[in-house]
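Student: Can you take me through this model? Start with the core, then we can move on.

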Amino acid sequence: VLRGLGHAHWDKDLYHFMNDLWAEIVEVIDARPMFIVNIAKGDVRSMQCTMAALADVSLATPDATFGFPEIRLGGLPAITACALRKRVPDDDIAKMLTTGDAIDAREAQRIGLVDFVGDVETELARLIFRNCQPRVTKVAYKP
């Protein structure tokens, strides 16, 4: 379960430093079979959108917003753009990356970036209960 802190500022030095780290994270997520749940709260900006795009299930609170402010400052979210192609149609990606405008959680759900908008804690509990039930396995042992 991944939860972003939702900071709304963009730092060029931190952005360049984190690019390599995010590239490695994307490779690990693609290479290993794991179930990833992303929870988006508040302002989800830039590289944090990568987790929403790569997650198997992406949840968002109604007040969550998604956007790329670095577009207006000359940055290009290359890793995030590639990750978005797994969930979002190319026309919507192009609109987000050319305007730099933030979209709300309902719009993100409409374009496919988010699966659920609402009470994320209840939905997370439902997902865990439904998918993580302990299974009784009986093994016959012969010495």
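Student: Which residues have the most contacts inside the largest nonpolar core?
Tutor: Ala-60, Phe-66, Phe-68, Leu-84, Leu-113 and Val-114, in a core of 34 residues. A nonpolar core here is a set of buried Ala, Val, Leu, Ile, Met, Phe, Trp, Tyr and Cys residues joined through side-chain atoms within 4.5 Å. Buried means under 20% relative accessible area, exposed over 50%, partly exposed in between (1.4 Å probe, protein chains only). This is a predicted model: local features need pLDDT of at least 70, side-chain atom pairs count only at pLDDT 80 or more, and totals for chains, interfaces and linings use all residues. Side-chain values use heavy atoms, without hydrogens and water, and residues are numbered from 1 along each chain as its sequence is written.

Student: And which helix gives the most to this core?
Tutor: Helix 2, with 5 residues. Helices (H or I, at least four residues) and strands (E, at least two) are DSSP runs, numbered from the N terminus.

Student: What lies apart from it?
Tutor: Another core, of 7 residues, including Val-37 and Leu-124.

Student: Switching to the sheet: what is the strand order?
Tutor: The order is 3-5-6, in an open sheet with mixed pairing. Strand 3 (43-45) and strand 6 (103-104) are the edges. Two strands pair if DSSP finds at least two bridges between them.

Student: In which sense do strand 5 and strand 6 pair?
Tutor: Antiparallel, over 2 bridges; Thr-65 has Asp-104 as its bridge partner.

Student: Is Gly-75 buried or exposed?
Tutor: Buried, at 14% relative accessible area. Gly-75 sits in the loop between strand 5 and helix 3, and its C-alpha is 8.9 Å from that of Tyr-15, 60 residues apart along the chain.
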